[in-house]
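I opened my notebook beside the model today. Here is what I looked up, entry by entry.

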Amino acid sequence: MTEKMPIIAMLEAYSKRRTDRWHMPGHKGEFPSLSGAWDVTEVAGTDNLHHPAEGIAQAQQLLARTVGASHSHLLVGGSSAGLHAMLTMLAPGDAIILSRWVHKAVVNAAQLYGLVPHWVQPAWSRAEQLPEDRPEDLVAAMERNPQAKAILVTTPDYYGRCLPLEAISRCAHRLGMLVMVDSAHGAHLPFSPLLPPSPAAWADLWVASAHKTLGALTQSAWLHASARIPEDRLMRSLAWVQSSSPSYWLMASLDQARAQAERADWAGLIERCEDFRRKAGTLEGIHIFPSDDPTRLVIDVANRMGSGLAAARVLSESGIELEMADSRRLVAIATPWDKPEKFDRLIAALARLPQRKAAMELPPLPEPGERAAPLTCARGPRRAVELACAAGEIAADAAGAYPPGIALWQPGERITPAQIAYLQALGAQGAELFGIYDGKVEVANGLSIGDI
C-alpha cells in the first residue's frame with residue numbers, strides 16, 4: 001500500500017527504527033492521536049482564527065494569562081509566520097538592528113518589506129569555537145543608529161544561552177524602538193520558575209515555537225505581544241502571513257501543549273538533566289558545555305572524537321537522534337516526555353564513542369564586506385558564479401558555513417576574498433555550506449555602484 005505513498009512509507013520506516021529522539025518536536029513521538037473529525041474548517045461552532053470570538057479566543061486568552069502577555073496569538077505557520085508578522089509593524093524604509101546570527105525568516109521578511117538592517121557582528125570565541133551575541137554590542141548598535149524603529153534579538157539560542165534582555169530593552173525603549181525577540185527555543189520558559197525568565201517583562205513582541213520544546217505538533221507556534229502593540233493591527237498582519245484555512249489540528253495541539261506544560265513535572269525534568277550532566281562529565285574526553293537553560297543538553301566531545309558532527313553520526317547508527325551537532329558539540333533537547341531510561345541510554349552511548357582526537361578547528365569569522373546595494377536586491381535579476389571567482393561581486397543571497405551557521409554575507413554586500421577563503425577552508429574540513437549550490441553563489445546581475 002505505502003509504495004505509492006512515499007512520504008507515509010518514509011515516516012513508517014523512521015518510526016519503526018524506534019530511535020531515542022533528542023530532537024524536536026518536544027512530544028518525542030508520544031503525541032495523543034487527534035480525531036479525524038477535528039479536521040474541520042470555519043463553520044458554525046468552530047470559531048475563526050482571524051476573527052476569534054469563541055474557543056480560539058478563549059485559548060488565546062488563557063495562553064496570554066499564562067505567559068504574561070497582553071495578547072497572544074496561535075501560529076499555524078511556525079515562528080517564521082510570527083517573525084514576518086512582527087516585522088510588518090515597521091514601514092518600508094524603516095531601519096532595524098539585527099545580529100548577523102539571525103534566523104533566515106527575519107532576513108526574508110526584511111527583504112520583502114523593504115527594511116534597512118543595521119547588522120551587528122557576533123563576537124567569536126576561539127576557545128569555544130562559537131559565535132556569541134554580546135549585549136554591549138547590541139546596545140552600542142542602537143546608540144549608533146537611534147533612528148532605527150526596532151531591534152530584534154534571539155534568545156535563547158540553540159545552545160540554551162540567554163541574553164540579558166533588561167539592559168537591551170531599557171536602551172531600546174529610551175530611544176523609542178520596539179523590542180522584538182525570536183524566542184523560538186524558549187516556549188517552555190514561562191512554565192516554571194526553575195527556568196530562565198521568558199521575554200515577557202521586556203519584549204514588545206516575541207515568538208515561541210511550541211513544537212520545539214513543548215508537546216505541540218510541528219509547525220505550531222505562538223506570537224505574544226505587550227500592551228504597546230495594538231491587537232487589531234497585529235491581527236491584520238497575521239492575516240497577511242497565515243493561511244486563510246488554518247489547521248484545527250495544529251490549533252488544538254497548541255491548546256493542549258499549553259495545558260500540558262502547566263501541569264508538567266519541570267522540576268523532575270531538570271533533576272534528570274542535572275543528573276545526566278554529572279554522569280556525562282565523568283566520561284573521558286566529554287565536557288558539558290554550560291547553558292542557561294537547564295533542559296538544553298550541550299555535550300562537548302572535541303577531546304574524544306574531535307568533531308560533534310562525527311559523534312552524531314556514530315550515535316545515529318546506535319539509534320540515538322540528536323537535535324544538532326557542530327564542530328565540537330552535540331545538542332539534545334530534553335522535555336518532560338523524555339523518560340529516565342533515555343538519559344541512561346544516552347550516557348551509555350557516549351561512553352562507547354571511539355577515541356579520535358583530531359579536532360576540527362574553525363578560523364575566526366572574517367569581517368563582512370561593504371554594503372553595495374540594498375537588501376532588496378535579492379528580489380532583482382541575478383546570476384550564478386563560481387565561488388572561487390565571486391570576490392568583488394554583490395551578493396544576491398546569504399551564504400555561510402554550518403558550523404557555525406552564520407551568514408558571512410547578506411544580499412547587497414560585496415563578497416570579499418577572505419570570506420571565500422573561509423568557506424573553502426571549512427568546506428574542506430567537512431562543514432556544510434549554505435547558499436552555495438554546485439560550487440556557485442548567486443550574485444546581483446548587472447548592479448554597479450552607480451545603480452545604488
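Is Leu 11 buried or exposed? I found Leu 11 exposed, at a relative accessible area of 52% (buried is under 20%, exposed over 50%, partly exposed in between, with a 1.4 Å probe and protein chains only).

Before going on, I noted that this is a predicted model, where local features need pLDDT of at least 70, side-chain atom pairs count only at pLDDT 80 or more, and totals for chains, interfaces and linings use all residues. Residues are numbered from 1 along each chain as its sequence is written, and side-chain values use heavy atoms, with hydrogens and water left out.

Entry on the loops. I looked up Lys 28 in the loop between β1 and α2 (helices are DSSP runs of H or I with at least four residues, strands runs of E with at least two, numbered from the N terminus). Its phi is positive, about 55°, although Lys 28 is not a glycine. At 7% relative accessibility, Lys 28 counts as buried. Gln 219 also has a positive phi, about 90°, but Gln 219 is partly exposed at 43%. I reminded myself that most residues other than glycine have a negative phi, and most peptide bonds are trans.

Entry on cis bonds. I found one from Met 24 to Pro 25, with omega near 0°. Another joins Thr 155 and Pro 156, with omega about -5°.

Entry on a sheet. I traced three strands in the order β18-β17-β19, an open sheet with antiparallel pairing (two strands pair if DSSP finds at least two bridges between them). β18 and β19 are at the edges with a single partner strand each, so one side of each has no neighbour in the sheet.
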